[in-house]
Amino acid sequence: MSAEPCGDTIDGAETRSAVSLAGLTKSFGSLVAVNDVSLEIKQGEIVAFLGPNGAGKTTTLDMILGFQKPDSGTVTVLGRTPSEAIACGEVSAVMQTGGLLKDLTVRETVQLISTLFYRARPVDECLERAGIIEIANRRVEKCSGGEQQRLRFAIALLSDPELMLLDEPTTGMDVEGRRDFWNAIRQDAARGRTIMFATHYLEEADSYADRIILLRKGEIVADGTTAQIKNLASGRMVRATLPGAGEAELAAWPEVDSVEVRGDSVFLRTKSSDEVARRLLTSTAAHDLEITAHNLEDAFIALTSDESSPASPVGERA
Amino acid sequence: MTAISEQDRRVPAWGGFNLTFVGLEIRRILRNRRTMIFVLVMPTVLFLVIGLSQKNESLDGVDALPYFMISMAVYGAMVATTATGAAVAVERALGWSRQLRLTPLVPSAYMATKVISALSLGLLAVLVVYVAGFASGVRMSVSTWVISGLVAWLGSLVFAAFGLFMGFLLPSENVMQFVGPLLALLALFGGIFVPIEIYSDVLQDIAKLTPVWGIGALARAPLTGDGASIGALANALVWLAIFGVGAAQLFRRDTKRV
């Protein structure tokens with residue numbers, strides 16, 4: 001029995017997506033954890049999965065790794081099933097907690113896992129890149145939370161994977177630890193690795209991702225480049241009382257990004273609030289007009305809180 | 001360094017099973033002081049204390065000393081394999097099994113690694129007691145030494161399965177705190193500490209159905225000259241099947257769920 005080459009997938013190595021999810025749904029009892037999630041992640045992207053606790057981030061990552069079986073929908077990782085991609089060493093993950101044996105040293109842990117791959121990077125190289133070469137001989141139980149997290153990162157580097165998933169990787173780290181950790185990840189990603197991480201830190205998604213996918217209650221509520229998400233957030237909300245407002249008519253205004261009608265109130269999202277306000281007051285019966293500014297934080301809260309309805313995704317989803 | 005996507009990627013042979021991994025597993029077990037005390041020190045001390053005090057007596061028609069030595073080897077080996085198997089409970093509790101599922105290691109290769117490391121520790125347990133036995137004056141024919149030792153060792157496979165069964169059943173880091181005393185009780189009933197002949201007839205019949213009796217009787221057969229009784233062999237095989245199938249079922253449930 002010899003090692004089997006992984007070979008190219010049917011659609012060819014050049015064009016395959018890093019991750020392709022189609023209609024992914026998963027429930028636990030009556031709770032729908034992930035609801036009809038579809039997305040494509042291209043190779044080389046750094047994608048943040050942003051959302052509050054319980055938004056379905058971990059469940060989605062678990063399905064990408066094959067830890068959970070979706071109720072319906074399909075998962076393709078680099079053109080393969082999750083378990084095939086793992087067997088080929090193409091995908092690795094840094095989990096939030098656990099996964100380490102207390103009685104091993106840092107180096108022994110990496111060494112042990114390295115024997116399981118067909119070809120692994122040298123142990124010390126991975127320790128070096130994760131920034132834990134100095135504590136290689138320390139027992140895992142003596143390591144801080146941040147050090148253990150870098151150990152998980154070192155393990156994830158062993159197969160030199162094309163795709164790395166990180167589930168809330170900096171939970172429990174201090175500001176400095178978080179920055180160091182992300183610097184290590186960023187440097188590493190410069191070689192073309194696709195990174196997908198879950199976080200509920202807005203600032204983390206903003207600083208380290210090229211693309212943000214916002215999740216709420218198991219659904220994608222926004223998906224775009226960080227610039228697009230910021231744009232969405234940097235706009236203003238114009239609210240006015242306008243009984244019998246025609247939603248389609250207002251949405252046709254060029255300066256309006258999105259419209260929502262709730263009872264007698266209309267909510268217009270726009271980047272030119274002055275124009276919209278003037279037009280509302282001069283060409284319609286609108287009154288009691290209010291203009292509110294939104295920052296990224298507000299957008300995040302608005303998009304992910306229980307009260308708001310899902311907004312239309314920004315940017316292309318292809 | 002080559003570009004990430006241009007590597008020679010392969011699925012490892014044997015589902016990731018390799019001897020370096022087995023070696024590291026064994027090293028991990030040997031490092032656990034508590035396991036070492038229960039596996040290597042305790043059976044030897046029991047043999048020296050109890051066995052030597054009955055040096056010139058006879059049990060079951062043979063000298064007490066070799067009789068007790070074989071029993072203690074069986075005991076050491078069964079504690080060794082149980083402890084190694086049950087350690088999967090610790091690995092599951094710590095999320096290590098999940099970490100391993102992010103590697104090419106296939107479940108059957110993981111199980112094979114566990115069984116081989118369990119049997120390695122079991123062999124060590126038998127050897128330690130036998131060396132202590134020889135040093136304290138046990139003399140048997142070469143074939144009796146070899147066959148009883150082999151049976152004591154391979155019989156512990158029943159308890160490797162038992163340990164894995166317990167390890168997948170109990171989601172605890174302290175699984176041996178529960179399983180350890182259970183083993184002592186089973187050994188007492190199975191004729192390891194005292195020959196079951198001292199029990200009442202009814203109790204003897206019950207004892208012969210418990211999982212330690214079969215492997216103990218088989219290991220002592222070359223010494224007592226009873227020959228491998230069908231009953232003892234059936235006992236060992238049935239318990240091996242029960243624990244083996246049980247462990248496999250729980251293992252399948254476990255890998256599905258995690």
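Guide: Helices here are DSSP runs of H or I with at least four residues, strands are runs of E with at least two, and both are numbered from the N terminus. The model is predicted.

Visitor: In which loop of chain B is B:Trp14 found?
Guide: B:Trp14 is not a glycine, yet its phi is positive, at about 55 degrees. Its place in chain B is the loop between β1 and α1 (19–31).

Visitor: Is B:Trp14 buried, partly exposed or exposed?
Guide: A residue is buried with 20 or more other C-beta atoms within 10 Å and exposed with 12 or fewer. B:Trp14 has 14 within 10 Å, so this residue is partly exposed.

Visitor: Is A:Leu78 buried or exposed?
Guide: The cut-off for a buried residue is 20 or more other C-beta atoms within 10 Å. A:Leu78 has 24 within that distance and is therefore buried.

Visitor: Which element of chain A gives the most to the side that touches chain B?
Guide: On that interface, 36 residues of chain A are in contact with 30 residues of chain B. β1 (4–5), α2 (82–87), β6 (91–94) and α3 (106–114) of chain A each supply at least two residues of the side that touches chain B. With three residues, the element that gives the most is α3(A).

Visitor: How many residues of the side of chain A that touches chain B are nonpolar?
Guide: By class, that side has seven polar and nine charged residues. The number of nonpolar residues is 20.

Visitor: Which residue of chain B stands opposite A:Pro5?
Guide: β1(A) and strand β1 (residues 10–11) of chain B pair in the antiparallel sense over two bridges. In β1(B), the residue opposite A:Pro5 is B:Arg10.

Visitor: Which strands of chain A are the edge strands of the open sheet?
Guide: Three strands form this antiparallel sheet, in the order β3-β2-β5 of chain A. An edge strand here pairs on one side only, which in chain A holds for β3 (31–41) and β5.

Visitor: What angle does the direction of helix α1 of chain A make with that of β2(A)?
Guide: Neighbouring strands of the sheet are turned by 20 degrees against each other on average, direction ignored. Helix α1 (residues 57–64) of chain A packs on the sheet and touches β2, β3 and β5 of chain A. With the direction of β2(A), its own direction makes about 120 degrees.

Note on methods:
Residues are numbered from 1 along each chain as its sequence is written. Chains are lettered from A and ligands numbered from 1 in the order in which they are written. This is a predicted model: local features need pLDDT of at least 70, side-chain atom pairs count only at pLDDT 80 or more; totals for chains, interfaces and linings use all residues. Two residues are in contact if their C-beta atoms, placed from the backbone, lie within 7 Å. Ala, Val, Leu, Ile, Met, Phe, Trp, Tyr, Cys and Pro count as nonpolar, Asp, Glu, Lys and Arg as charged, and the others, Gly among them, as polar. Two strands pair if DSSP finds at least two bridges between them. Axes are lines fitted to C-alpha atoms, for helices over the stretch in contact, and angles run from 0 to 180 degrees between N-to-C directions.
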